[in-house]
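Please read this briefing alongside the sequence and the model.

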Amino acid sequence: MNSSQPNGSECIVVGVDGSESSKEALHWAVRQAELDHSTVNAVLAWEYPPLYGSIGWIDAPKALETDLKVRADQTLDGAISEVVRAHDAPRISATVAYGTPSGVLQHAAQDASLLVVGRRRRGIMGALRGSLSRHFTRHAPCPVVVVSEQSQRA
């Protein structure tokens, strides 16, 4: 899945990885878009497992690439379906892109009015706690909102 925002409209970019904190961030972004009359671009980054992607000289099997892309699409579609009400769906676009979460979101946010990311209580895929949200509060090309994981959505 890969969509883009309509020309001339304000867009809120939100990082989604299927975690509860990213779903909270998506929920927050959709509510803000309703207030701003803007669109939301839900973005999910995928990477090869470290054995393939980080070494660079070991080619990943095509089947692995296809599986990872399909799984990424399913994760993003599932999060959107769970969080977004039917009448909000037209204002949502979805982007699945290869790369690190920080790189993909940095690129997606270049022309955004706002970047929204979740912050987990636990580490993100083995990373240090809050490292992605901390990165964007320092380096994002637009204003950033960090949404903490909540026990319940309002």
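What is the mean pLDDT of the protein chain, and what percentage of its residues reach 70 or more? The mean pLDDT (the predictor's confidence in each residue, from 0 to 100) is 79, and 71% of the residues reach 70 or more. This is a predicted model, in which local features need pLDDT of at least 70 and side-chain atom pairs count only at pLDDT 80 or more, while totals for chains, interfaces and linings use all residues. Residues are numbered from 1 along each chain as its sequence is written, and side-chain values use heavy atoms, with hydrogens and water left out.

**Confidence**

- Where pLDDT is low, the predicted coordinates should not be read in detail.

**Overall fold**

- The protein chain has 5 helices and 5 strands; helices (H or I, at least four residues) and strands (E, at least two) are DSSP runs, numbered from the N terminus.
- Along the sequence, the pattern is β-α-β-α-α-β-α-β-α-β.
- Of the 154 residues, 40% count as buried, where buried means under 20% relative accessible area, exposed over 50% and partly exposed in between (1.4 Å probe, protein chains only).
- Among contacts between residues at least 6 apart in sequence, 76% join residues at least 24 apart.

- S1 pairs with S2 in the parallel sense over 5 bridges (two strands pair if DSSP finds at least two bridges between them); Val13 has Asn41 as its bridge partner in S2.
- From S1 the chain passes through H1 to S2 in a right-handed β-α-β crossover; right-handed means that, with the strands pointing away from the viewer, the path from the first strand over the helix to the second runs clockwise.
- S1 also pairs with S4 in the parallel sense, over 3 bridges, and the partner of Val14 in S4 is Val116.

**Nonpolar cores**

- The largest nonpolar core has 27 residues, and those with the most contacts inside it are Val14, Leu26, Val40, Leu76, Ile80 and Val116; such a core is a set of buried Ala, Val, Leu, Ile, Met, Phe, Trp, Tyr and Cys residues joined through side-chain atoms within 4.5 Å.
- Elements that each supply at least two residues of this core include H1 (20-36), S2 (39-46) and H3 (62-83), and H3 gives the largest share, 6 residues.
- A second, separate core of 10 residues includes Cys11, Val43, Val104 and Val117.

- Thr100 sits in the loop between S3 and helix H4 (101-108) and counts as partly exposed, at 38% relative accessibility.
- Beyond its neighbours within four places in sequence, Thr100 contacts Ala45 and Glu47; Thr100 and Glu47 are 53 residues apart in sequence but 6.5 Å apart in space, C-alpha to C-alpha.
- Ser21, in helix H1, is buried with a relative accessible area of 2%.

Terms used. Contact means heavy atoms within 4.5 Å.
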